[in-house]
Amino acid sequence: MCALLVLAGCAARVFAGGVLRWGGDAEGGAPYVEADANDPTKVRGFDVEIAEMLAKAMGRTPQFVQAAFASLDQSVKRGDFDLALSGVEDSAAKRAELAVSVPYYEFREVLTVREADRERFGTLKDLAGHKVATLSGTTAWEILSAAQSEHHIEAVSYDDDMHPYSDLANGRVDAVLLDNVIADRSMRRQPGLFTQPGAVAVGHYVILMSKEQGALQKSVNAELRAAMADGRLETIFRKWKVWNDDQPAMHKRVLAGADSLLGEAQPDAAGATNATNAPPVWTLTIRYLPSLLRAAVITLVLSCVAMLLAVSVGFAIAIGRVYGGPALRSLLTVVVEVTRGTPVLLQLFVIYYGLAAVVRLPPFVAALVGLGFNYAAYESEIYRAALEAVPRGQLEAARTLGFTIWKTLRLIRGPQAFRYALAPMTNDFVALLKDSSLVSVLTVVELTKQTQIFATNLGTWAIPGALCAAMYLAMSWPLARLAGRLETKWKAPTA
Amino acid sequence: MSAKVLNVEGLRLSRGKREILRGVDVSVGASELVALMGLSGSGKTTVLRAIAGLDPFSAGRIEVDGLALNPNATLHSELHRKVGMVFQFHCLWEHLTAAENVWLAPVHVYGTAPTDARARARELLADLGVAHRESALPRELSGGEAQRVAIARALAADPKLLLMDEPTASLDPARRGELGETMRTLTAKGRSLLVTCHDDDFVRNFATRVLVLAEGQVVEEGDPRTVLTTSKHEATRRLLDVRSAGPS
């Protein structure tokens, strides 16, 4: 029995040694990593082929692990996989936290605009007062953040790289700043767009490993250099149609011994990307604090207004369900059950992207409507139960004194129901405060999203996470206290 | 019949398939205190509820101070000026003080000026001996106090007829005597009372007339001392047996 266990243990170790686990985000799609349409468990793309090439050189079997783009660095650090490659950009912050390979591809940050605006919007400077979109947690986002104060543009962050371009086409934003690889792909998908030839900045794709993987880093670098020298890398990039004249020059510098090209060849980057040495954590924290506070205000305003909407709509639904006829009652029951029974994230997507063809709601309004109506379903159930909890005898007493149904509701049933509903309502408001982070999918940068951006740039979640938690607590704690105090006041007998 | 404040004839009322009242006749004259007795389930409370306009009835006629009730119990804008009701469990509004319970209807339904309504509420509470409890919430009141506040609330519209459902049920004997005196004062001031009751001593002492209800019909009627001592009907005898044998 013991021998068997030892044998199994050995086999597991041998097997683990034989596999090269690499992480990427298949949502990013071709030409980096995309799920094979015929077999979603398989992936294809140039990053897939590079991973396969590296595994082969090490005599290991490549194994793909799906991870969200924004958390690739954190996952590789934790040891979820050995390598992360999915069009990951080189940055000083990443080099401070992780082992990073030599660059294997040079990309340009390019500006894409609507065909009609190609003369008008040539550079970021031309876009003062306009919305410019990009993928969050990227160098492009850093450039746009800096350009907000420098060129007075409005930076809009997306969680994926497809919707910036569709929203550009339908007029929600006026330009997109992203890698030329993504821009080229999107231009093929979305007609009517034009990419400016000049580069706003230049960056490099690299492979991430944890700091403990020094040996792995050495063999990865050796193999990448070998593949640059013998043209295997070129073959892969040509196959995926991303080979261009920038690459041979970059290969030459890497082959000449450069491990990093950070801080070089930055044509007119708006000041954000030339950070060769990452500033100390506390400097960055202080730099990010105002934007975190701003995001907290957005969270608070969004939650308060959405709750107001939820309370009014929920109250109307409850009234309909308590006082309405059978037809209205069943209709409202269906509305409530459908709203409660489907994910709020799905509802937000449908309201913002799904309805875009019919009504193009601004992100903040879509977020309000989505959260407000979703919570209205929950509120309505609370109010219905609370209204029904007011003893019938009290309503009959009102009737014998000549009160109409509505006067009874306003003066007798409503005020008492409100007291019953207060505690569950407070709970819901605290839940809404936290659920409001979901609206980041609609490009609204609220507290959690801003924290994520901060964490990506800092390369750690510890400080941003703690700050973010403290801000949420600061918003929900006083509310819970207030509700608690009102409840005690109304419940405790004073005699 | 014009001297009668309340006139009920052939009242029939069903809940689902069950017929609760099967032709009830009740009349109450000015300044009269009529007691409605009967075993539990005999339909006493239902008679009061129909008169108060809370339950629809299927046949018969209810006329209060010249006003005929609509059988389907829709809210009548005049009825509350004719009939007041004191519920068995008082049904005070829990979120309002004793005084607020009394002046809420005058201010919001009858259009009385708030200062006048408040003064009148204080007066009513004082008449009933609970003026000192005017700022207490219902949950802070004793059973007897809550009942007096409920009476004051029902009197705020100054109705001719006051209906009281089991007013003695939650009171000890001493308090029952006080309640009886209060009721006498009310009738002396020209009000008429129709009261459901289980307590035959109370009825003997304070009622001017008694009706015995059994299985949805009035089976005996007359002077309380006569009816309750020389009862002819079996239902009345059973009622008295239950009371003397019962826990109290």
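**Stop 1: a leucine and its neighbours**

Select Leu194(B): apart from residues up to four places away in sequence, it touches Leu6(B), Val28(B), Val34(B), Leu36(B), Leu48(B), Leu161(B) and Leu163(B). Here a contact means that the C-beta atoms of two residues, placed from the backbone, lie within 7 Å.

A word on what you're looking at: this is a predicted model, where local features need pLDDT of at least 70, side-chain atom pairs count only at pLDDT 80 or more, and totals for chains, interfaces and linings use all residues. Residues are numbered from 1 along each chain as its sequence is written, while chains are lettered from A and ligands numbered from 1 in the order in which they are written.

Now widen the view to the largest nonpolar core, which has 85 residues. Such a core is a set of buried Ala, Val, Leu, Ile, Met, Phe, Trp, Tyr and Cys residues joined through C-beta atoms within 7 Å. Buried means 20 or more other C-beta atoms within 10 Å of the residue's own, exposed means 12 or fewer, and partly exposed is in between, with C-beta atoms placed from the backbone. Leu194(B) is among the residues with the most contacts inside this core, along with Ile51(B), Val102(B) and Leu163(B). Colour helix 5 of chain B (residues 143–155) too: it gives the largest share of the core, seven residues. Apart from this core lies another, of 80 residues, including Trp22(A), Phe81(A), Leu98(A) and Val181(A).

**Stop 2: helix 1 of chain B**

Pick residues 44–51 of chain B, which form helix 1. Helices are DSSP runs (H or I, at least four residues), numbered from the N terminus. Is this helix mostly covered or mostly open? Mostly covered: eight of its eight residues are buried, among them Leu48(B) and Ile51(B). After the helix comes Gly53(B), with a positive phi near 80°.

**Stop 3: where the chains meet**

Show both chains: 20 residues of chain A are in contact with 20 of chain B. On the chain A side, helix 15 (392–400) and helix 16 (405–435) each supply at least two residues.

**Stop 4: domains of chain A**

Colour chain A by domain: domain 1 (14–102 + 206–243), domain 2 (106–203) and domain 3 (282–489), with bounds from an automatic or database domain assignment. The centres of domains 1 and 2 of chain A, taken over C-alpha atoms, are 26 Å apart.

**Last stop: scores**

The model scores ipTM 0.92 and pTM 0.73.
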